[in-house]
Amino acid sequence: MAPTAVKQKVCLIVIDGWGISDPNKLEGDAIHHAKTPVMDKLKKSYPYTEIQAHGTSVGLVKGLMGNSEVGHLNIGAGRVVWQDMVKINVSIEEGKFKDTKVINDAFDHAKAGNGRIHLCGLVSDGGVHSHQEHLHEILKFAKAKGVKETYIHFFGDGRDTNPKSSVTYIRRLLDFIKKENDGFGQLASVTGRYYAMDRDKRWERVERALNGMVLGKPEREATPETIVKVIQECYDNGENDEFLKPILVNKEGTIRDNDTMFFFNFRADRIRQIVQCLASNSPNVFEKGQEKNMCTEKPPLPQMGDLPKNLYISTMTQYKGDFPFPVAFPRQSMDNVLAQWVSRKGLIQYHCAETEKYAHVTFFFNGGTENQFEKEEREMIPSPKVATYDLKPEMSAKAVGDAVAKAVESGKYDFMMCNFAPPDMVGHTGKYEAAIKGVEATDAAIGVIYEACKANGVCLMVTSDHGNAEKMISEQGGPHTAHTTARVPYVMTGTKHQFSVDKKGGNARLADVAPTLLEVLGVDKPAEMDGNSLLKT
């Protein structure tokens, strides 16, 4: 098929974590207080509006803050993508959760084997990667099924929740087990997500988590009676939830050969690595030539030979397209997302991000698939190797900006898109001054791309996936590290088009970005996209 002739090439920038705060609540707003001459100019000089990026507008529970996965899915799909958490919640509300085949199969496997199952995941009510109520339902389910030994490996949050809230969630969990589940279920270990949920191939972090969960070599020990006190001591020493070093609570709960495991996170990107490690000694997972080959090389961990053999692993959702594990709630298939539709039209596209957000411009933006579509080119810029990004708040924004500007100047691509990570990743640290630096570095990098687009007749669109850096101080006066429910900017350069909505955006949402972008390209919108073009006709 001959390529579709485009009316105007488009470059889309998705800033991660750039929300618009209430003008009456500007204290702690790193975006407002940063020097952002480029974004200020774009807002003043070109069509600009503000769109919804949270709750039901992006397929989440009403009032729930958006997140990076959800934001990129909705932007790339051009439709509201109803999220896994909503599907799971509905199954619980309708009494169908107990009929979930994959979870039933996991319990049956444990009962037929050694009677041991491990439930692993982030425990909080943040609703970004998991939800504590789902864990409680699984524990009730396990009790009803009569699984002999059920152990919980608790990953501390502190990014999508208050940095010192794990004690609340542990109390809630232990109270639930004692008062509502007849004492069924045992807390085995506690580890901060910094270690257990790394996604940047910092294998040394995952190794520390596994030392406690598997090898019984934690950095602290506790009992169910003392765990709250131990975590409080961590807080007193400056160690918040995200950074809790492995704590072993029950030695009988370490993961052993032939055990059964269920991972209850519903968001994929931060749980993949630890699953990959724990599967490393299971049959066929790493054998080349297998139809469902997970990867061809074992993760580079010194103690890999000591990890359990023959584990039976299943997961709440599909964590990676080629993971062979049974999935309790399969992802909805999405045909004709933006990247796929552009490819089918014979156009050439380019996606770029630094390592921390690379999955968001590939897997998530492409509809939750690992597929790289025909004529889709990708470039990954390494994220800086620092413990936390407040130590290098600009991250790799300049390198991403330079790479995208080069792609624009090449004249090769019809559609280009990228992600800028600093407002979100530095925002999560809770460090206000560092967030300002991250915002300013992002603005400067956007300026480089803007100049390239302006010189080459390319329409630049800038939006964000959710809010974050606009709220760095909580209502209590402490650091705020979570996402927000703020609207996000949507601006496009040039004078050919105007938005049909005013600057407040009305009901406009992230799902409207792709249809708008397609209209600027001069490409028809596929039937599967239920988002609306925001261009004035």
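**View 1. M395 sits in the loop between β11 (376–381) and α14.** Helices (H or I, at least four residues) and strands (E, at least two) are DSSP runs here, numbered from the N terminus. M395 is not a glycine, yet its phi is positive at about 50°. Is this residue buried or exposed? M395 counts as buried, at 5% relative accessibility; the cut-offs are under 20% relative accessible area for buried and over 50% for exposed, with partly exposed in between (1.4 Å probe, protein chains only). A quick note for all views: this is a predicted model, where local features need pLDDT of at least 70 and side-chain atom pairs count only at pLDDT 80 or more, while totals for chains, interfaces and linings use all residues. Residues are numbered from 1 along each chain as its sequence is written, and side-chain values use heavy atoms, with hydrogens and water left out.

**View 2. D182 shows up in the loop between α7 (166–180) and β5 (186–192).** D182 is another non-glycine with a positive phi, about 55°. Its relative accessible area is 63%, so D182 is exposed.

**View 3. Helix α14 (residues 397–410) packs with its axis within 8 Å of that of helix α16 (residues 432–455).** The two axes cross at roughly 10°, which means α14 is roughly parallel to α16. For the record, axes are lines fitted to C-alpha atoms, for helices over the stretch in contact, and angles run from 0 to 180 degrees between N-to-C directions. Angles under 35 degrees count as roughly parallel, over 145 as roughly antiparallel, 65 to 115 as roughly perpendicular and the rest as oblique. On the α14 side, the contact (heavy atoms within 4.5 Å) is made by A397, K398, G401, D402, V404, A405, V408 and E409. From α16 come A441, T442, A445, V448, I449, A452 and C453. By class, that contact splits into ten nonpolar, two polar and three charged residues. Ala, Val, Leu, Ile, Met, Phe, Trp, Tyr, Cys and Pro count as nonpolar, Asp, Glu, Lys and Arg as charged, and the others, Gly among them, as polar.

**View 4. T516 is found in helix α17 (residues 513–521).** T516 is buried, with 0% relative accessible area. What does T516 touch, not counting residues up to four places away in sequence? M461, Y490, F499, N532, S533, L534 and L535. A polar atom of the T516 side chain is 2.9 Å from the backbone nitrogen of L534. Zooming out to the helix, α17 is mostly covered, with eight of its nine residues buried; V513, A514, P515, T516, L517, L518, V520 and L521 are the ones in question. Just past the end of α17, G522 has a positive phi of about 90°.

**View 5. Seven strands line up in an open sheet, in the order β6-β7-β5-β4-β3-β8-β9.** Pairing in this sheet is mixed; two strands pair if DSSP finds at least two bridges between them. At the edges are β6 (220–221) and β9 (312–315), each pairing on one side only. Strand β3 (residues 116–122) is mostly covered, with seven of its seven residues buried. β3 runs parallel to strand β4 (residues 149–156), joined by seven bridges, and L122 stands opposite F155 in β4. Over at β9, strand β8 (residues 260–263) pairs with it in the parallel sense over four bridges. One of the residue pairings there has F263 with T315 of β9 as its bridge partner.

How values were computed. Polar contact = N/O pair within 3.5 Å; in protein donor to acceptor, adjacent residues only side chain to side chain.
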